[in-house]
Amino acid sequence: DKKDEISVSRQHIDSKMKTRLRIYSVIAIVLLIFIGYEVSLGAITILLAIIGIVVGLIIGSILGRVFRLDWDEQNSKVTGYIDLIGAFLIIMYLIFLVTEIHYLQTDLVLSVFAGVMLGRVLITRHNMTKMLKAWKVV
C-alpha cells in the first residue's frame, strides 16, 4: 500500500532533514503565492513568471547536491548535512534574495528563486527515496 510506504519512509528520515525540507517548501510556496499575486496585478506576465520558475527548477535540481545524504545504519535513518560549498551557496542566495527584495523588486528573480527552492526540495526527496529503496527500506 502506498500510504504504508510513505509512513515507513518518513520514520527513516532524520527529523532535522524533515524540518529543513519543510522550511524550504514553505519558502517556495510563499514565493509562488507572491508571484501569483504579482501576475494578477500585472507587475509580471504569466509567461515570464513561468519561465523564471522553470529556470529555477532546473537550477534547483542541479544545486540539489547541496545536501549530502547518508544512511545512518545504527538508527536506520537517512541523514543529511550541508557541505561548505552548499553553505556558501545558501548564504549567497539569502544575501541576494534580501537585497533583491528590498532594492530592485524584480519579480522575475523571485520566480527563479521560487523554482530553485522547489527544485531543491523535489530533488532531495527524490534522492532520499532512491536511498531508501537502495537499502530496501521501502
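What share of the 138 residues in the protein chain is buried? The points below start from that.

1. Burial and surface. Buried residues make up 35% of the 138 residues in the protein chain. The accessible surface of the chain comes to about 8,600 Å², and 67% of that surface belongs to carbon and sulfur atoms.

2. Confidence. This is a predicted model. The chain averages a pLDDT of 78, and 75% of its residues score at least 70. Among the elements, helix α1 (residues 2–11) has the lowest mean pLDDT, 61, while helix α3 (residues 46–62) has the highest, 90. Where pLDDT is low, the predicted coordinates should not be read in detail.

3. Layout. The protein chain holds 5 helices and 2 strands. Starting at the N terminus, their order is α-α-α-β-β-α-α.

4. Helix α2. This helix covers residues 15–41, which is 27 residues. From its first C-alpha to its last it reaches 39 Å, close to the 39 Å expected at 1.5 Å a residue. Its buried residues are Met17, Arg20, Leu21, Tyr24, Ala28, Leu31, Ile35 and Glu38. When reading that list, keep the helix repeat in mind: an α-helix has 3.6 residues a turn, so residues three or four places apart point the same way. After α2 comes Gly42, which has a positive phi, near 85°.

5. Helix α5. Residues 107–134 form α5. The helix has 28 residues and reaches 40 Å between its first and last C-alpha, close to the 40 Å expected at 1.5 Å a residue. Lys136 follows α5 and has a positive phi, near 55°.

6. The largest nonpolar core. This core has 13 residues, and those with the most contacts inside it are Leu69, Val78 and Met128. The elements giving two or more residues to this core are α2, β1 (67–72) and α5. The biggest contribution is from α5, with 5 residues.

7. Val78 and its surroundings. Which residues is Val78 in contact with, leaving aside its neighbours within four places in sequence? They are His12, Ile13, Asp14, Leu69, Asp70, Trp71, Met128, Met131 and Leu132.

8. A separate core of 8 residues includes Leu31, Ile44, Val109 and Phe113. Leu31 is also one of the buried residues of α2.

9. Thr124. This residue lies in helix α5. Thr124 counts as buried because its relative accessibility is 1%, and the cut-off for buried is under 20%. The side chain of Thr124 reaches the backbone oxygen of Arg120 at 2.7 Å.

10. Val112. Leaving aside neighbours within four places in sequence, Val112 is in contact with Gly52, Ile53, Gly56 and Ile59. Val112 and Leu32 are 80 residues apart in sequence, and their C-alpha atoms are 10.0 Å apart in space.

Methods. Residues numbered from 1 in each chain as written. Heavy atoms only, no water. Helix = DSSP H or I, 4+ residues; strand = E, 2+ residues; numbered from the N terminus. Expected span 1.5 Å × (residues − 1). Buried < 20%, exposed > 50% of the residue type's maximum accessible area, 1.4 Å probe, protein only. Core = buried A, V, L, I, M, F, W, Y, C linked by side-chain atoms within 4.5 Å. Contact = heavy atoms within 4.5 Å. Polar contact = N/O pair within 3.5 Å; in protein donor to acceptor, adjacent residues only side chain to side chain. pLDDT = per-residue confidence, 0-100. Areas by Shrake-Rupley, 256 points an atom, 1.4 Å probe, with all protein chains shown as cover.
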